[in-house]
Amino acid sequence: VPSAGETHTLSLDWAHRYFFMKEHSAQHLVSALLFSCFSIGTVAVHQGDMFFTVETDKAEIDEETLLAVEDKANEAIRKGAAVWQDETDHESAESLHMRRSIKVQGRVMLVHIDGIDVVACGGVHVASLSEIGEIAYVSSEKIRGHVRTYWKCAERAVGYRRENAAIVRFL
């Protein structure tokens, strides 16, 4: 356990950190588009090394809808909307009528995706959607009466697309 006055050196695995920043921002984008385009709310999310999940508040979602979200997400990434954070008081944040409730009291950190979304979040994000590169819808399943969707982004989405192309070429 470090003691007061001791000096320590820390290192950051920037590639790992940056991937999770892209993935976290991609999750915000997918959740925002599900809500704004199809009135589908997000119940829970999970980030991981290979994919991220968005558990929705719907019992059924057709694949056409999820592919439309993928298309809209990649269009937003190509346009490179700005992503930024600011801080405000709880009352001002509540007046924004965001897509999900605020889970903290006092000062509220907001993440904005220019022209797409604003939501309370204290995480770390990219500065532009263009940094995400690409989003791929992978699959969905039913869990606890909800649809959980699986997505890949950035280099994981590129790898997924290339793997699938190789399978098709092989056949």
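Q: What makes two strands pair here?
A: Two strands pair if DSSP finds at least two bridges between them. Strands (E, at least two residues) and helices (H or I, at least four) are DSSP runs, numbered from the N terminus.

Q: Fine. What sort of model is it, and how are residues numbered?
A: A predicted model: local features need pLDDT of at least 70, side-chain atom pairs count only at pLDDT 80 or more, and totals for chains, interfaces and linings use all residues. Residues are numbered from 1 along each chain as its sequence is written, and side-chain values use heavy atoms, with hydrogens and water left out.

Q: Which residue in β5 is the bridge partner of valine 111?
A: Valine 119. β4 and β5 run antiparallel, joined by four bridges.

Q: What is the strand order in that open sheet?
A: β3-β4-β5, with antiparallel pairing. β3 (83–88) and β5 (117–120) are the edge strands, each pairing on one side only.

Q: And β1, which sense does it pair with β2 in?
A: Antiparallel, over five bridges, with β1 covering residues 42–47. The two form a hairpin with four residues between them, and valine 45 stands opposite valine 54 of β2.

Q: Switching topic: which residues touch the most other members of the largest nonpolar core?
A: Leu29, Val30, Leu129, Ile132, Ile135, Trp151 and Cys153, out of 32 residues. Such a core is a set of buried Ala, Val, Leu, Ile, Met, Phe, Trp, Tyr and Cys residues joined through side-chain atoms within 4.5 Å; buried means under 20% relative accessible area (1.4 Å probe, protein chains only).

Q: Which element gives the largest share?
A: α1, with eight residues.

Notes: Buried means under 20% relative accessible area, exposed over 50%, partly exposed in between (1.4 Å probe, protein chains only).
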